[in-house]
Amino acid sequence: MNILETHHIVKQYAEHRALDDVSLTVPKGCIFGLLGPNGAGKTSLIRIVNQITAPDSGDVLLGGERLKPDHIKRIGYLPEERGLYKKMKVGEQLLYLAQLKGLTEREAMEKLKIWFLKFDIKTWWNKHIEDLSKGMQQKVQFVATVMHEPDLIILDEPFSGFDPINANLIKDEILELREKGKTIIFSTHRMESVEELCDYIALINRSHKILDGPKRAIKEQFKTNTYHVEYQGDLGELPPAFIVQKTLATDDGFLRTDIQIPSDASVNDLIRRLLDRVTIRSFGENIPSMNEIFIKAVGSIND
Amino acid sequence: MHTIFLIIKREYLTRVRKKSFLVMTILGPLLIFGFYAIIGWAAVSSINQKKVEVVDESARFVDKFKDDSETKFTFSKKPLSTAKKDFVKEGYDALVFIPKNVIEEPKTVQIFAEKSVSLTLQHNIEQAISKEIETIKLSQAGITQKIIQDAKVNVDAQTINLSDGSEKSSNAIAMTVIGYFCAFMIYISVFIYGTQVMRGVMEEKTSRIVEVIISSVKPFQLMLGKIMGVALVGLTQFMLWILLTLGLFTVGGAIIGDKAERGREAMQTNSAMAQNAPELQDEKVKNNAIASVMQAVETLNIPLIVGCFLFYFLGGYLLYSALFGAVGAAVDNETETQQFMFPITLPIIGAIAVAQFVIKDPDGALAFWTSIIPFTSPVVMMVRIPFGVPVWELILSMVLLVLGFMGTTWLAARIYRVGILMYGKKVTYKELSKWIFYKA
């Protein structure tokens, strides 16, 4: 089942088309990476899903229903530009934001107690936001995003501003939320976190969706049948269809060579040839990193 | 609807809890009270009972002069020469000499004093003597007291007319003061609370909380909630000011009550005397400005004025604060607000300038038009109301004001919803006009 579907979204600002025919499908219970260079239209899309703006045409379905005002309770949103009322106290502020999301004061209080214990921030309740460090404010904002237990959580650059320890804490929370069946969309430039966390991705460039699907399938799609081997000895001549891309010497006296084989050839043919000539330390397929995929996909269009 | 209340509650509580609110609430009435206390003190302290010695050779006026809060008469049998020498030493402020032949030659009455005698005192004495002489002459001419009493019916009718006239003149002062005061309060509060709305919007925009909030509520709800929250802050402040001011005046009144009481007595005595001598009243009323203004205030339609004040405060505030809010949404920082603030504040500044002319001519064409147009009506109409405004004009003005603030709120909301999410862009009027026609 899909928690979120967008169909042919178009959003036009005065002279600038922010989104052009963007269709996405976000399955329930996954971590969905929304990728794209700056100004590609990610934020416009997120704002449409959050009903901050409306599309010029196209439909958005949340849990199979067309988007309606009541849906905001089912979405938690952490904007890229973090912001809280600086002069308000932490507890008061969170209670207010929770109530805006439709929780009663008592419900909000109960939920907040759990989060304050979990993050060990009980002493912050009566502190003013402006007296907290930036990292602490981020934690408060994260609580504000998830405290009403939304089905869909949209995080825009969730790790920016966190030190490694707190970033890890948030990462664990994201994974735990997925375990509970929540769906997380996160928008980021940081490919290592996409690599680590995302099950699905979509890539938006210049208002168009250029790529989407399960991460594994996309990697499959972008791989080039290239393998690497670390060895000692002389590789000798390989059949012309086997292309040696590059050879490097490792620090500890081995050589590392990347070899691309034709799509109709079997990897076993390559291994058989290698076995006769060199002493192999390791062998493996070069799976493209998300970073490479990103650069390749965006670059090929922009060129 | 529920979310709007949450927003109003937050906007209200965060402002009311601020120290500056408390300071303003206490300071406001103190300033007003202090202002009145100084005027009151100055006026009351001038009411000092003067001791006057009377040497009456004709012996016709003994005990005919009535003591009041201003003057105390003492009759003595001393010869004029001794009295003249001693009256200052004995603590008298003035000496009145009435010669034997006063009835035949009234101009021979003399008043001696070390410092110059106040016109009022001179007037009082002259009046008392001439009235006595009049009575004597009338009875000599065969007109009895009864005929005078009968004649008094007419005189009374005359008095009422005259006193109406004089009331009007003192009313005019009260009307001017109250009208201008109300207009000025509206002018000031539109600025104070309008700016608060603008700052509130800017705070949300620059702290970037706005995106979190409007993922939960509609921008229009946020804007309206803020405007209403601040309006309630304003009303709370006014209520507290009125209560505190009343409290201060009650307490303060008890302290200077003695003197004020005497002032009021003087007023009553005067009106009693005025019945006998109508032409006296005008003079007296002027001498007792405070008491008369207070009396005049009582004759004004206070509930109407208070009701209209609250209506025009709210209407004017809503009209302008929506525009202030739009400015807050359009800009990134305080310095950029200047260029947009100027055209918005121009009409209300104009209104307070026009108010001075309206006071002089509350029914003129200028007064009429500026009190009908919504941008100036909250200020100008308040100036006119104490003088009396035709009902249809009042209703027209109110309806237009309501339409006016609905219009500005609509316009502001269109700018607001685009502006709050627009960062780092120098906004021009051309840009703003485009925003108005953006689709949501």
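**Entry 1: chain B overall**

I began with the secondary structure of chain B, which comes to 16 helices and 4 strands. The model is a predicted one, and I kept that in mind through every entry. I then looked up burial, and found that 33% of the 440 residues of chain B count as buried. For the contacts in chain B with a separation of 6 or more, I noted that residues 24 or more positions apart account for 74%.

**Entry 2: annotated spans in chain B**

I turned to the UniProt record, an unreviewed entry, which places the feature "transmembrane region" at residues 21-44, 172-192, 212-232, 238-257, 300-320, 340-359, 366-385 and 391-413 of chain B. I looked at two of these spans in the model. Residues 212-232 of chain B are 81% helix and 0% strand, with their end C-alpha atoms 25 Å apart. Residues 366-385 of chain B are 65% helix and 0% strand, and there the end C-alpha atoms lie 15 Å apart.

**Entry 3: where the chains touch**

**Entry 4: chain A, domains and annotation**

For chain A, the domain assignment gives domain 1 as 2-84 + 147-220 and domain 2 as 224-286. I noted that the C-alpha centres of these two domains of chain A lie 40 Å apart. The unreviewed UniProt entry carries the annotation "domain: ABC transporter" over residues 4-231 of chain A. In the model that span is 34% helix and 30% strand, and its end C-alpha atoms lie 48 Å apart.

**Entry 5: strands of chain A**

I traced an open sheet of 4 strands in chain A, in the order S2-S1-S4-S5, with antiparallel pairing. Its edge strands are S2 (16-27) and S5 (65-66) of chain A, each of which pairs on one side only. Inside this order, strand S1 (residues 2-13) and strand S4 (residues 57-62) of chain A pair in the antiparallel sense over 5 bridges, and I found Leu4(A) opposite Leu62(A) in S4(A).

I also followed strand S11 (residues 226-233) of chain A, which pairs with S14(A) in the antiparallel sense over 7 bridges; here Val229(A) stands opposite Phe283(A) in S14(A). Is strand S14 (residues 278-285) of chain A well covered or hardly covered? I found it hardly covered, with a count of 0 buried residues among its 8.

Helix H1 (residues 42-49) of chain A is largely enclosed by the rest of the structure, because 8 of its 8 residues are buried. I listed the buried residues of H1(A) as Lys42(A), Thr43(A), Ser44(A), Leu45(A), Ile46(A), Arg47(A), Ile48(A) and Val49(A). Just after H1(A), Gln51(A) takes a positive phi of about 60°.

Helix H3 (residues 105-118) of chain A has 14 residues and reaches 20 Å from its first C-alpha to its last, close to the 20 Å expected at 1.5 Å a residue. I noted that H3(A) is followed by Asp120(A), whose phi is positive, near 55°.

Note on methods
Residues are numbered from 1 along each chain as its sequence is written. Chains are lettered from A and ligands numbered from 1 in the order in which they are written. This is a predicted model: local features need pLDDT of at least 70, side-chain atom pairs count only at pLDDT 80 or more; totals for chains, interfaces and linings use all residues. Domain bounds come from an automatic or database domain assignment. Helices (H or I, at least four residues) and strands (E, at least two) are DSSP runs, numbered from the N terminus. A residue is buried if 20 or more other C-beta atoms lie within 10 Å of its own, exposed if 12 or fewer, and partly exposed in between; C-beta atoms are placed from the backbone. Two residues are in contact if their C-beta atoms, placed from the backbone, lie within 7 Å. The expected span of a helix is 1.5 Å times one less than its number of residues. UniProt positions are given in the numbering used here, feature names are shortened, and annotations may be inferred rather than shown by experiment. Two strands pair if DSSP finds at least two bridges between them.
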